[in-house]
Amino acid sequence: MSEDFVSAIIPAAGMSSRMNAEKNKNFLCIQGYPVLSYSLTVFCQCKEIQEIILVHKPGDRKEIDNAVNIAKPDKPIKLVFGGETRQQSVYFGLGAVDPKSVYTVIHDAARPFVTREIIENCLRAAKQHEAACAAVKAKDTYVLANRGEIESSLNRDLLYLIQTPQIFRSELILRAHEAARADNVEATDDTTLVKRIGHPVALTPGSYDNIKLTTYDDLLFAEMIMRNKKKTEDSNVYRQSDDRTDLL
């Protein structure tokens, strides 16, 4: 990929009301480490990204500093206060993006299992289409309902669950946010704002592990994902260090 300047915004200023936790869900721990530190570490290791903007609440500075220390960044980390909604927080993050930035990555702090491959694939698509979003195909059957009764079933082959990262040309996503603010439009997803101003968004492969932590059940699922990842890593180490491959 070319050496375009790429910024990453990680909004971590949510209220976490559906988690029913005593603190911001991004600072709850999975296998002993805060949720935010997982995705932040991946972004720090991604060589295509030149800067990271962490959007947080004023009272969370201690937890933010802890997550940054765990990630051991080798690139600039900018800290920005968030707003009352996710959209406001992303907009404030856009205000801190370096003027040299060509592409901006937006990734939910509450998605700890993003990978460099997902980021790189999404960035490659964004450089071709100016807007790209990680997604996975829907597994379940979805229906439209009215007053508790099924009206129609939706074609599962056409349904995707969109995730983050979402990557846009920096001027495009800023223009989309400014248009939404001017029209008093609020959305929970940045692709919605980009589509609203008439620009298509390409889909790129996400991962079913790239879950967003919203409820306590999600946190339990995240623990299971991490245990499975660790088993896989331990197995790979064993395979590499043991010559008796016929027994594996």
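Begin by selecting lysine 100, which counts as exposed because its relative accessibility is 53%, above the 50% cut-off. The model in your viewer is predicted, so every value on this tour is computed from it. From lysine 100, look for aspartate 98, with which lysine 100 forms a salt bridge whose closest N and O atoms are 3.2 Å apart; aspartate 98 is buried, with a relative accessible area of 17%.

Next, select strand S6, residues 103-106, where threonine 104 has its place. Threonine 104 counts as buried because its relative accessibility is 0%, and its side chain makes a polar contact of 2.8 Å with the side chain of serine 170. If you leave aside neighbours within four places in sequence, the residues in contact with threonine 104 include Ser7, Leu94, Phe168 and Ile173.

Move on to aspartate 108 and arginine 111, which are both buried and form a salt bridge with closest N and O atoms 3.4 Å apart.

Helix H4, residues 116-129, is the next stop, where glutamate 120 and arginine 116 are separated by about one helical turn because they lie 4 residues apart. These two form a salt bridge as well, with closest N and O atoms 3.8 Å apart; glutamate 120 counts as buried at 17% relative accessibility, whereas arginine 116 is partly exposed at 33%.

Finish with Tyr142, Leu144, Leu154 and Leu161, which form a nonpolar patch on the surface.

Definitions and conventions: Residues numbered from 1 in each chain as written. Predicted model: local features only at pLDDT ≥ 70, side-chain atom pairs only at ≥ 80, totals over all residues. Heavy atoms only, no water. Helix = DSSP H or I, 4+ residues; strand = E, 2+ residues; numbered from the N terminus. Buried < 20%, exposed > 50% of the residue type's maximum accessible area, 1.4 Å probe, protein only. Polar contact = N/O pair within 3.5 Å; in protein donor to acceptor, adjacent residues only side chain to side chain. Contact = heavy atoms within 4.5 Å. Patch = residues over 30% accessible without salt bridge, like charges linked within 9 Å, V, L, I, M, F, W, Y side chains within 5 Å. Areas by Shrake-Rupley, 256 points an atom, 1.4 Å probe, with all protein chains shown as cover. Salt bridge = Lys/Arg side-chain N within 4 Å of Asp/Glu carboxyl O.
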